[in-house]
Every structure is written in structure tokens, then in C-alpha cells.
Amino acid sequence: MRICKETISFLGLLLCVAHLTAGTITPQSQILKSEVADVNNDKQPDIILLTAQNGKEQLEIYLGGKGTATGKADIVTAIQDGAGSSNLNTGTAGGKTYILVTGNRQRIFIFNPDDQFKTSFVNQSANQWTANCFTGSLLTDGTSFDILHGACLRRFTPPDKIQHGYFYGPQQNNNHSGYFCDLNMDGENDVVFAVKGQPLIRLYYAPFYGKMKFIPKELSEFVELKTPLYISDIAIGDLNGDTRPDIAATTLTEYGRASRKTYLFFQNSPAGFTNGASPNFTIPGNGIPVIEKGALYLIDRKSGVLRIFRNGKFDKPAATLKTGLTDIHTFKFKDGLFLISGISRDRKSEVRWGNSAEALAEVPVNTAKKKHAVSFPHYMGAVYPAPQKAVYGERWIPLNNVRIIPDGIAADDLRIQFIQERIAELGGTSSVGKTPLKNGVNLTLQLSKDRHPRTQAYYLSANADQKQINLKAFDKTGLSWATGSFLQLTDATKDGPAVRSAEIYDYPAAKHRGYWSGASDFKKITKRDWAKLHLLYKLDIMLLVRPWNITDIRGDWKEWKKVSTEEYAADYREMGELFTSLGIEWCVTTHAIEGTPQTKLDSSSPADFEIIYRQAENVVSNGGSFMFQYDDVRYPRNIKETEKYPNGGDADYAFISGITEKLWRKYPEAKIYFCPPMYWGPEAAPAYPDDRDEYLKRVRKLSPEIRFTWNGPSVCSTTIRPTDLKWAKESYGRAPFILIFGGGPNIERWHFFTEEINAWPQWYYQGMENEIAGALLGTNQPHFLMLTLTFADYWHNPKAYDARRSIQQAFCSLIGERSLTEARKVTAELQKMNEFGYQVTPYFIRNQQKIRGIIERAEQIYNLTAAQNPELDKWTTYRNFFDLFRRSLAKAGKIDSGVFTKNTEQIRQYAVKEAGFQPGKDILLTAYDFGGGANPLFYTYRCEKRLATFVKGKKTKIPKMTAGFPLQAEQLNRHYELIICGQDDDSTEKCPIRIELNGNLIFEGKNPFKRFGWNIQKFKIPAGLLKEGANTLTISNTADSGNVSGPPFFMLNYAVLKAQAK
């Protein structure tokens, strides 16, 4: 930890006196939130940090007046284990300052100043829908303070009294972030709310007469202000010099660049805001706002750049400061201090404060002596994915002085920007121009007008003798791939910035490679970084079920007619500026066909036609592609539609043809995708009203330019044979895009970021890349990013795919080689969870202590590694898995095991009837008793619904299941027979299994069970294999397979050890 007592300004460093006039704290732990307040009543502000380390949360308090103010916190208080802390605030009552921490499970921890904040009162009834917490007071007697947790009001009177209140909306109860302020300057605090799901700000005016329920129509004054977009943060204070509080409101942080705005509302004269008023002024850009002494301070959360607007002028900032911090989570002015916390340039958590905004500015450093940190891509010695042809030299070309020469592209092309940023990061300099340098390195980016037989082909030549680098391609996408390959070959060498000499000719074997993302969470990743990632690793398609930054906050997809698609336009424009300019395709899907037969899309309705057309046009007009994702929700169809179109194929042909033809007349380059409801085949015909062959006979007549997606021979297919693809081509009337789910070797098809992926070469046959239109992996991003990169690596060059090389190169290029060993240790711990699963079962409950130990060890290793390399936290979501298993543990600690009784009793009845099970004499093991296989679930495919667990091939992480059972000495006086109720998988080939009792072989070979129905098989148990005490029964899948998504697998409903007379 370091703490610097210094005042930072543009004039230099001034010596500081005893109080915390300015300073910096960089603790070893991760700062979650920071706060400033006088916690010990010495009239001096103190610094409070909410921190986390090794999964433990704590308060760190640095006293500014009477305290030491050295590198060590004066007060450290551990927060209740598993609190899930998310916010920090303070409140004053009875002349004392209390510290508040919001936690999960509807809790607010209120720490007591009387014992130096060692103990806390816990309010168990906070708002579960928001982490935001704001304090103030609606009373004036000073004996209590109020807490706004979303729309919930909690009044705390020390030591332990809580009163409950609520701020109701006029129609919807959706108040989100609340602020206390005396808007009309009458001596009583009013309340201001940002609203969730509506572009509104609500003002609730006092007097409240001590009430705890606040209903707009019952107030003396209630005002709603209208904002063009949804609001995230609000600051209140005088902005135009009339002494009356004004409002600055910033849009949601999730919005794209074009929709990031700050809206200003000025009070009228003599006071008040007009109900229904729109903003008086709009400032481009958003962030966290602060108003102090008539100035607006607006800090960008991502970059940490602080803009200052003064003297009522908002067209451009009076000053702009670089703080040097990124990922800002706290910025405020309180008790005479500006406070900011985020991530420093050396990727450590840091809090900084000062009595002026200038004190937050970054300290200038001697750049000549600075060691340049290298972000992604990290140099790995070779290009990824593996090129078709590449020769790497031993010499390096210096990048100290580079002239970039654009040929066929603009000087400010995004590829050139990426190159210049990389060279600068490594410590070199570059310029853009048409004239080559005589004493430097020349780099040419050429978008050739020549035609090339291969789509996305490029050449890269880095010649050390000539100090010349040439990147040449024949389409926009190919030039992006050339740029990405160049970036991967650059590094900060001991002699300075340089690029490795190389000669590369490359093109993707499969024409298109990418992913279909069902849900995306890019909170830590900007669109620009994601575009750079696509450029680096040659992903030319991203297919988004939910548009980037456009979530369902406006309502469920079933309310599709209410969606105002014009609001998406700004995000779409930014996608076009980034991805389309690079030749990378981004596609948005519609789920507008969800709903009931009365509310679903009606293909015969002109109004519905227009709604979907407008959705599609909003996308394609900005360079995107559009997908009709009919998928699993097409049936049942709208009742009115069936009257005009008895067959769904006719309805879909007419509707999709009509929209695409209208789009193509205006946007001839638009690309259209279609996921039909019959998206798999030829196996397992769907149980839909329309016959599959008849349906496909109609929709195959759609324009051959429309791209169909296909899931393989069955739902969530793994292996695809030539005959399967032939069926798809004939049925769809074109080569399909394969859309595949799975590949990860763990339960739920999960991938823990460092594991080799052997599935791709096992699933796909040689030459298949030439017969498909493209390959898409169905994943959530960036949750399964590493898995996706190996998928792209395979389809780029199947002949060169090596599972070990692929995952190692993907991980290290993106995150850095230094973190790989420790990340593998985290993965190894998580792999142990394959035995227990994540669903709460009797087996899970019995092993809670062991599971808790696994997660704690994994999290400890991860936290230490991520603290040293934050890129691990940016590009992986290990924390998601920790949280998921912790939630299961929390549930397991509360659940009544009796909830499983109904299922086990049903199995017991089956065992009595089918296996002659005799309670008290025989031993029954249900699917719940086995660990190591898949989570027990009810299996219904072409069989009676029963609880089952199953095991996959030996190359997966769930190849065997084991159940333990005890035997007493007197039970050994009998012979036993093993009876298993199970079934084979749905493949024509028998799944091979091995059955062991206490490690001794009972059976090995192709399993004797039938498929498509539960059946009984009996196995003899040789004498002497059972023993007194603990015994184990293990069933293994011995197939040489890494498939988790489909066959080969073996399923078990129950096993009985049936006693026989000796």
C-alpha cells in the first residue's frame, strides 16, 4: 500500500499540512467504493474504503485530522462473510456519523461509531432490485437519517430502529436512484428520482408531514421531467448563477457512444421546474456528474477524463483534465473534498482526493524512462489463428519511427488507428502520409482493387533488410486480418519497439466464422476493444440475439409491438462505424414472434409487416445484417395468420420475401439470415403442426441470398456426417451456416477458460469447411470467449488445428502468458465441481463442506492472479462461476431435504415393481446418490419421464459417476446381484461402459441397455467384492469421446443391490 500526502496541480507539488488536503491511497486490496466523511468528529474529513481481497470484504478507514494518515488504515473492519457488498455511504444522527454498506439478500449494514465501526446493525428488508444507496434526511430534528434504496425509504434511528417507507410512481412503481435536496429552498429536503425503464426524472416536493408513504397525487407538488433517453446518474446544484438548484442527468453507462448524453434542467424564476419539461441543454457524452460552486464536473467512467464546465457555458468545457485512472466507480464532492477512485495505469485500485479538481490530475512522469506496458495482443511468436502459409524470420524491424502509407483507404481508417496506438504503446512513434521515410520504417496498407479467388485473403511481408512492411488485401475484411496479424507480431523488445520479420499468405478455409450470442455482458469491454478483438482473431460475424447495449429494460420481448426501435439507432450507428468499417458483420435478430396465438406476429397483417420492416431497416441502414429467428417459438402460430396461411411455410415465405425484397430495393447489400423452426434434421422430426418436409419445401424457395442456419442432424448436434450436410443443402436449397452449441468438456457444456477443446476435429469431417456457408458457435459472450476463439481457429485452418496450441495461444495472446499457470490452477479447482454439479441435490447437500473448500481455493488463487494482471478479470468470467456455486451453497444451506422425497419415493416404487426391491433388505441407489455425472434431471426424450443422471465420454470432465453406500457385517452373509435401470443414448451405436464395485470390474463393453425407454439389466457380483463399512459403485463411459452435447452417453435412473440367500 502507498499513501502520498501531496497536493497535485498543474503548477507542481506543494507541501501539505497536517490535514488530508490532497492525497492518494493504493491498497493491496481491490477498492469497490470510496467515501469521504468526518467519522470521528474532529472537524476533518476522513477517507473510507470498501475493499475486497481473497473473496473477503472489509472497511478501511483513514483518519485525516487526529489519525496517523500513514500507509496503514487506522480502522479496519471485516464485513460479514458473503455480504456481497456493492455500495458505500454515510449518514448522521445524534451528532454521530454512521457508515452504511449495502449487501445482497436485501441487506444494509449500518456500522456503529461508538465502537469504532466494529459492529453493525443489519437491516434485512432493503430493496432487492438495486444496489444504489443514498442518504439524507426528511426530518429536521437530527435524531435519525433516511436511506433511499431505490424507491424504498428506510429511516434509521440509533441504535437499532428502522421505519419503512416507499415512494410510489404515478402509474409504475419504478423509481430507481434517489437524491435528497432542497429544490425550492424552503428549508426542507425534497427527493429526486431517476426512473428505471422510462426516460423520466421525478421530483417529490416537501412538506411530507412525517409520512412514510409518498403518493404523487397526495403531494402538494409533484413534477416529471422528460429525458430523451434513460438516466443513470444525477447531480443537483446551481449551474447558471441564480442560486437555485438545477439538475444534471447523465444517460445509462451501457449506451453506445452516440447515445451518451448529459441533460441539464434549469429552474424557472422565481423557483420550480415545469412538469413535462424537456432538457434546457444537452452536452455530448456522459459519466458521473458533480456540481460544485456553479461548475459542472463530468468524469468519463471508462477513460477517467474529467471535463469542467464553468460560468454557465456548456457548449465546450472550460478545462479538461486527465486523471490517469480508468474504470471510475466513485466521483463526488463532499465535506470540502473532491474524491475519485478507479484503476491506475499500473492496474491497481487507487483512491485520490483534493480540495480542488486540479488535485485529481495525473502526476506527469518522465516518459523517456517509462517502461511501456503491453496490452492485448501479447506477443506469442506466431499469428493466431494459424495462417495457411507463414514463414517467420529471426530478425526484428524497429518501430521507433514509422511512416504509415494508406493505399485505397482513408488516413484516419480504424486499422491505422489501431496500428498507431500499438506503436505508441510500445514506445515508438508513427505518422501517416504518402511519402516514404528515408531514415525510418515504411508500412503500407493496401486495399487492392484486384480480384482474388479467395475471400478475405491477405499478404503480409515484413522485410528486415528493406525496413519495409506491406499489408495487402482484396477486401475490407482481409485488410483487417492483415492488420491483426501485424499487431500480433509486434512486441516491446530489449532494443525497443519492433515487429518480427515474416512472410504470410493467408485466408480462412471456411468463408465465415463467428458466434451467435444469446446473452451478452460487455460491462468491462468497450465496443472498440471488441472490434479490435474481432480484427485480431479473424472473427468476421457476430450475431446478437439482443442488440449490444439494448437489453430488455424496456419490457419483455413479448411486448414487441411497444418497442420504439428508433431509440436503438444511435447504438446501431456506432456498431456500423466500428465493425462495418472493418468488414466485420454484425447481425441483430428479432424475437418478435414470441407470445400467445392471439398476440404473436401475424404474417398476414400489414401492421406487423411494417413493425418488423422498421426493425430490420434500423439495422441494415447502419451497415448491419438482420435475422428472422423463428427458432423454437414459431409455433403455435397466430390464429388470424392460420386462416390465410394454413401451412406455416407459406406464411413465412410470403412474410420474409416481402420484407427482404423491400429492404433490398433500398439497401441492395443488406444480408439477411433465417433460423427456421425446423432448424435441424434429418433425425428426430419435430412435433409441430406442419410437416417438416412440407414446410421446408415452401421456404427453400426463398432467395438463395438469404442465409439459413442449421443445428446439425439433431437439436444441439455434435458429429456431422456428409449425409447430414447433404440433407441440409437439399432441404434448405442452399449450403447452410452451421449453428453449433457446446464444445466445453464440463457439466452444462461449460468451458473454464484454459481447457483444450478436442471436440472440433472429432465432430467435423475433412473438407466440410468447403461445403458450408459459414460456422457459428452458440455461446454467451464474453463468458465463452476462449472457447469461441478455438472454434474460429479451427474453421480458419482445420488442417493446422492443435487443441493444446489453440487454447494456450488464445489465452496468452489476450491475457498474457504470466497468468496461464495460475489460471490453470483455478480451472483445475472448478473441474472438481463436475462431481457435484451446480444444482442443489441430496449429493450436493451432503458435500457442502468439500464444495465450499473448492470454491474458496479457486477464488483465492484467482484474486491473487487478477490483482497482478487485471486483464484476467477483463477477458474471463471466472467470478461468474464462483458466484453461481456460492448461490447454490446458500440455497443448499436453507433447503429442506424433504423436497426430494417425492422423487425418491417415485423411484422406490419403480424399483419395487421392476427390480423386486425389498426395503430393509436390499440397497437402493437413485440418480440423486451418484456424483460425477451430469446434474440429475428429468429425461423425457422418447421415453417415460424419469429422473436420470448420465456420463459422457472419457475425454470429457464427466466420464464416470460414483455412489457410496455402507454395509454392516451381518449384511455380508448374503450374496448380491446388481440390477440397474437405465438406457442407452439415442445413437445407433452402443455406448461402451465399465461397471466397478470397490474398484473391481463387474462389466466392461458395449452397454446391454436399449435406447428410447427405461429397461432393466442384471449383473452378477462375485463373492468377496463387498466389504464392511464404505463401499462404492462406479459406472464409467469408456468411449473415446469429448462430446458433452450429445452421444455417446449412458443414463441411469436407479441401481439396486439385491440380496440373495447364500
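Which backbone oxygen does the side chain of Asn-1053 reach? Select Asn-1053 and you will find its side chain at 2.6 Å from the backbone oxygen of Leu-947. A polar contact here is a pair of N or O atoms within 3.5 Å; within protein, one must be able to donate a hydrogen and the other to accept it, and residues adjacent in sequence count only if both atoms are side-chain atoms.

Before going on, a word on what you are looking at. This is a predicted model, in which local features need pLDDT of at least 70 and side-chain atom pairs count only at pLDDT 80 or more, while totals for chains, interfaces and linings use all residues. Residues are numbered from 1 along each chain as its sequence is written, and side-chain values use heavy atoms, with hydrogens and water left out.

**Stop 1: around Asn-1053**

Stay with Asn-1053, which sits in strand β58 (residues 1050-1060). Helices (H or I, at least four residues) and strands (E, at least two) are DSSP runs, numbered from the N terminus. Asn-1053 has a relative accessible area of 0%, so it is buried; buried means under 20% relative accessible area, exposed over 50%, and partly exposed in between (1.4 Å probe, protein chains only). Now show its surroundings: leaving aside neighbours within four places in sequence, Asn-1053 is in contact with residues including Ile-907, Tyr-910, Arg-946, Leu-947, Cys-981 and Trp-1014. Contact means heavy atoms within 4.5 Å.

**Stop 2: the whole chain**

Zoom out. The protein has 18 helices and 58 strands, and its C-alpha trace spans about 90 × 80 × 70 Å along the principal axes. Of the contacts between residues at least 6 apart in sequence, 66% join residues at least 24 apart.

**Stop 3: a pair of helices**

Select helix α1 (residues 414-426) and helix α2 (residues 476-488), whose axes come within 10 Å and cross at roughly 5°. That angle makes α1 roughly parallel to α2. Axes are lines fitted to C-alpha atoms, for helices over the stretch in contact, and angles run from 0 to 180 degrees between N-to-C directions. Angles under 35 degrees count as roughly parallel, over 145 as roughly antiparallel, 65 to 115 as roughly perpendicular and the rest as oblique.

Show the side chains next: α1 brings Arg-415, Phe-418, Ile-419 and Arg-422 to the contact, and α2 brings Lys-476, Leu-479, Ser-480, Thr-483, Phe-486 and Leu-487. By type, the residues of this contact divide into 5 nonpolar, 2 polar and 3 charged. Ala, Val, Leu, Ile, Met, Phe, Trp, Tyr, Cys and Pro count as nonpolar, Asp, Glu, Lys and Arg as charged, and the others, Gly among them, as polar.

**Stop 4: backbone details**

Most residues other than glycine have a negative phi, and most peptide bonds are trans. Where are the exceptions worth a look?

- Gly-681 to Pro-682: this peptide bond is cis, with omega near 15°, and Pro-682 is in the loop between β45 (672-675) and α8 (692-699).
- Gln-781 to Pro-782: here too the bond is cis, with omega near 0°; Pro-782 lies in the loop between β48 (774-781) and α11 (785-796).
- Phe-117: phi is positive, near 65°, in the loop between β11 (107-111) and β12 (120-123). Phe-117 is buried, at a relative accessible area of 2%.
- Lys-467: phi is positive, near 50°, and Lys-467 counts as partly exposed at 39% relative accessibility.

**Stop 5**

Is Gly-94 buried or exposed? At 57% relative accessibility, Gly-94 counts as exposed. Look for it in the loop between β9 (87-93) and β10 (96-103), where it touches Gly-142 and Thr-143, not counting residues up to four places away in sequence.

Finish at Tyr-878 in helix α17 (residues 878-894). Tyr-878 is buried, with a relative accessible area of 0%, and beyond its neighbours within four places in sequence its contacts include Phe-752, Phe-753, Val-826, Leu-830 and Tyr-862.
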